[in-house]
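Some notes on the model follow, as numbered points. Please read them with the structure open.

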Amino acid sequence: MDKVKVTIAGSGSGYTPGIILSLLNHKELDVSEIRLYDIDKEKNSDMETIIKFLIKKGDYGVKLVRTEDPKEGFEGVDFIFSQIRVGGIKMRELDEKIPLKHGLVGQETCGLGGFAYAMRSMKGFSEMVDLIQKFNKEAWILNYTNPETIISEVVRRKYPDAKIINACDMTIAIEEIIAQSFGYNRQDWIPIYYGLNHFGWYESIYDKSLKKDVMPEIIDKIINEGLNTEGEDPSWASTWKSYQSLIKTFPDRLANNYLLYYLFSEQMVAKEDPNYTRANQIMDGRITKIKETVREIKEDPNLESIDYEGNNHGQYIVDIAASILHDKNDRFMLIKPNKGAIPNLRNDASVEVPCYVGANGAEPISLRNDIPDFHKGLMEAQVASEKLLVDAFFENSYYKALQAFTLNQTVPNAVVAKKVLDELIESNGDYWPELH
Ligand code: G6P
Ligand code: MN
């Protein structure tokens with residue numbers, strides 16, 4: 001098997017151990033080198049301590065490089081997994097708290113918090129892609145930096161020929177919780193799904209062993225029994241509870257849980273504590289845990305094991321890499337320019353649909369049917385607002401940003417849109433492009 005070199009960009013993230021273990025344990029990948037690249041040296045060094053420990057404990061013969069230098073980070077590798085979060089968790093906290101203060105959805109990727117993050121992300125992600133193009137045009141970038149539709153739109157406009165695949169694990173997580181709640185085997189499924197990222201629906205889920213579309217019975221089970229949230233973290237458990245209401249209200253198709261923020265915005269806001277949001281939970285949870293684990297490793301040279309291996313969040317991205325490398329044409333939900341994949345939606349939207357992934361990248365699978373007007377209408381508004389935000393970014397246009405904010409479906413009127421926009425401009429400073 002060919003040796004593979006992989007860089008994790010944004011390696012200071014708490015998801016890194018899970019991704020690296022997925023990489024090292026993958027039967028179809030022979031990884032010879034892993035590079036941890038992050039602009040935050042402290043976070044990167046902490047992660048290096050944990051990864052070194054895991055490599056030693058598992059006796060994986062792999063070279064590990066930690067770097068804050070893009071040339072050293074990118075040159076000569078086969079894959080770059082991007083999980084950079086521009087502004088880090090501190091800025092996520094503001095993305096959540098500022099809209100909430102005005103009574104609006106305050107969320108990492110949805111609503112105006114998502115737009116605030118998008119402005120930072122478009123800038124940081126483009127800067128990173130420019131560096132990758134400079135140092136290593138040949139590498140595949142497997143991106144899961146959020147907000148993914150907006151990042152994909154930047155890629156569509158600015159880097160149409162770059163080797164980038166935009167992927168999100170949410171559909172996998174939805175399928176997994178459903179499969180484990182009701183005793184299905186997800187490996188038997190051929191799902192058809194359409195949408196924008198964090199904004200879509202299943203058309204059908206064909207089960208190969210049961211030889212039928214199981215989506216109707218899954219919808220019945222979610223409505224009547226609810227999902228099994230045992231072992232889920234409290235915030236996700238609460239999302240899956242609310243999900244049941246979403247499916248009860250719109251029981252014709254299985255929706256992505258993130259639609260809760262658009263269709264049940266008032267209820268989602270009411271559940272939040274504006275002074276202690278998801279970002280605070282993560283600071284007190286994942287991030288504190290990293291620090292503790294690093295301390296344990298440093299204090300005890302004979303330490304047998306650590307209680308931090310991450311989850312299988314990274315498996316998906318690693319499977320995509322294997323499918324490219326071995327031209328397997330496995331099927332994944334990915335975000336691509338529409339170009340007819342959803343036949344009755346504008347061609348220049350960036351959509352999330354099933355794709356085959358091989359040596360040549362991702363090939364979208366076209367839907368056979370038009371999508372229903374309800375979904376189309378919601379998506380058209382969302383696409384337009386996201387495109388306006390991307391316009392605002394490229395044109396430094398305050399007016400386009402205001403239009404984007406006003407059109408966002410979590411926002412009731414232009415007055416509050418302007419208030420939140422002005423506050424976000426203030427709090428994001430140089431992370432955002434200048435708008436005038
Ligand atoms: C899912 C989504 C990601 C999102 C993450 C947030 O995995 O697909 O796009 O970033 O959830 O999870 P967190 O635990 O950070 O709130
Ligand atoms: Mn996602």
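Leaving aside its neighbours within four places in sequence, which residues is D370 in contact with?

1. D370 is in contact with P343 and N344, once neighbours within four places in sequence are left aside; contact means heavy atoms within 4.5 Å. D370 sits in the loop between β12 (361-364) and α14 (373-395). Its C-alpha atom and that of Y159 are separated by 29 Å, the two residues being 211 apart along the chain.

2. On the basis of these notes: this is a predicted model, where local features need pLDDT of at least 70, side-chain atom pairs count only at pLDDT 80 or more, and totals for chains, interfaces and linings use all residues. Residues are numbered from 1 along each chain as its sequence is written, chains are lettered from A and ligands numbered from 1 in the order in which they are written, and side-chain values use heavy atoms, with hydrogens and water left out.

3. Around ligand 1 there are 13 residues, of which R92, N146, D169, R278 and R286 come nearest; a residue counts as near if one of its heavy atoms lies within 4 Å. By class, this shell has six nonpolar, two polar and five charged residues (Asp, Glu, Lys and Arg count as charged; Ala, Val, Leu, Ile, Met, Phe, Trp, Tyr, Cys and Pro as nonpolar; the others, Gly among them, as polar). Helix α12 (residues 278-299) supplies the largest share of the shell, three residues; helices are DSSP runs of H or I with at least four residues, and strands are runs of E with at least two, numbered from the N terminus.

4. Taken alone, ligand 1 exposes 390 Å², and the protein buries 90% of that (Shrake-Rupley method, 1.4 Å probe).
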